[in-house]
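The sequence and structure come first.

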Amino acid sequence: MELKPIYLDALYGEIRHFYDNNKQKTIYIGGGTPSILSIGDFEEILSLFSFEDNAEITVEVNPESVNLDYLKGLKNAGVNRLSIGVQSFKNSILNEIGRLHTSEKAIDTIIDAKKAGFENVSIDLMYGLPNQSLQDFEDDLNKAITFDIEHISLYGLKIDKGCYFYKNLPQNIANDDVQADMYLKALDVLGTKFKRYEISNFAKSEKFEGKHNLNYWEASMYYGFGVSASGFFSEGRYTNPRSIEQYIKNPTAEKQFEKTNLLEEKIFLGLRTEKGINICSLNEQFNIDFEKKYGNILKKFDNFFEKTNQGYKLKTEGLLVSNVILSEFLEDC
């Protein structure tokens, strides 16, 4: 915790140096455990930005680090959307993945969020976890839809090089087929009360679709402030240092942009969404004939695409193999 005031000073300095005071439609304070910050810290961060009317201001919280008074403080500070890292409602599974909260604490946090006055609450759930059966995940889904929440994000377990599970592979971990069954079960259960608007995201109505993430999926520009944060501008994408110590040393260092292929971004991100891609818009923006340029891919995966009034989107079957399909577009961009 002794690094906290030093880190926050660095963060404030970076924002003041790079932010050009244009009004923001959204802000998302997440990554790690933002809820270790005080309410005063949040007030200071938010005071550094200008916002449009009805801007979406989201804070990510972990159940073990908040209580009702804290949530009331966030609401009074101007936060109007919460993202709660539930992951599972089964205590044995929470223990398996090293979570510090219990199912009971997660439920209390959801209830307290409503008591605090939040009208836009999202929870994260994970599937494919160690010793998590299809029935366990179905139980989590059925439990989730009993609460007064507006949004659910789902994340399949992915073990990346460098993470704890990479060197300590757990027993009884779901294979790809089981994860696919879990995802299909989610579409079935959540479909009774929620609408899927992106591969992993479900909202009660269009009003509660995550505006901040929609900005990502539309390949629009955004700032990234803080350690490990990424930003995206016309010059390309930048990522801040992943080490807190390195970040603190020079938070206003010149951004190193990695040039990105915007057409690639538009296709890759657009096909993750329920509405899909608008090929007329792509043809005009990039001076291409989409169906001619990508005709071979469209033919190869014909059974996985659905033609829309504006272009193409992935069918349910296509969502299950989306990584394979999208990688083919990346190779051709």
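## Helix α2 and what covers it

The cover over the buried residues of α2 includes α1 (4-18), β1 (24-29), β2 (51-61) and α3 (68-77). Helices (H or I, at least four residues) and strands (E, at least two) are DSSP runs, numbered from the N terminus. This is a predicted model: local features need pLDDT of at least 70, side-chain atom pairs count only at pLDDT 80 or more, and totals for chains, interfaces and linings use all residues. Residues are numbered from 1 along each chain as its sequence is written, and side-chain values use heavy atoms, with hydrogens and water left out.

Helix α2 spans residues 39-47, and its buried residues are I39, D41, F42, I45 and L46. They sit on the same side of α2 because they cover an arc of only 155° around the axis. That arc is taken from the directions from the helix axis to the C-beta atoms. Buried means under 20% relative accessible area, exposed over 50%, and partly exposed in between (1.4 Å probe, protein chains only). An α-helix has 3.6 residues a turn, so residues three or four places apart point the same way.

## D41

D41 belongs to helix α2. Its relative accessible area is 12%, so D41 is buried. Neighbours within four places in sequence aside, D41 is in contact (heavy atoms within 4.5 Å) with K4, L8 and Y12.

The side chains of D41 and K4 make a polar contact at 3.0 Å. A polar contact is a pair of N or O atoms within 3.5 Å; within protein, one must be able to donate a hydrogen and the other to accept it, and residues adjacent in sequence count only if both atoms are side-chain atoms. P5 is 36 residues from D41 along the chain, with 9.5 Å between their C-alpha atoms.

## Q24

Q24 lies in strand β1. At 15% relative accessible area, Q24 is buried. A polar atom of the Q24 side chain lies 3.1 Å from the backbone oxygen of N22.

Beyond four places in sequence, Q24 is in contact with Y19, F49, S50, F51, E52, A55 and Y223.

Most residues other than glycine have a negative phi. Q87 is not a glycine, yet its phi is positive, about 75°. Q87 lies in strand β3 (residues 81-87) and is buried at 6% relative accessible area. N131, also a residue other than glycine, has a positive phi near 60°. N131 is in the loop between β4 (121-127) and α6 (134-144). Its relative accessibility is 35%, so N131 counts as partly exposed.

I173 is in the loop between α7 (164-167) and α8. It is partly exposed, at 29% relative accessibility. I173 and L68 are 105 residues apart in sequence, and their C-alpha atoms are 35 Å apart.

## The second largest pocket

The second largest pocket has a volume of about 920 Å³. Of its 24 lining residues, Y127, G156, Q179, S322 and N323 are the closest to its centre. On a 1 Å grid over the protein atoms alone, a pocket is an open set of points where a 1.4 Å probe fits, with protein on both sides within 12 Å along at least five of seven lines; lining residues have an atom within 4 Å of a point. Grid points are joined across faces, edges and corners, and a volume is the space filled by probe spheres set on the points.

β5 (151-156), α8 (176-190), α15 (316-320) and α16 (322-332) each supply at least two lining residues. α8 gives the most, with five. By class, the lining has 14 nonpolar, six polar and four charged residues. Ala, Val, Leu, Ile, Met, Phe, Trp, Tyr, Cys and Pro count as nonpolar, Asp, Glu, Lys and Arg as charged, and the others, Gly among them, as polar.
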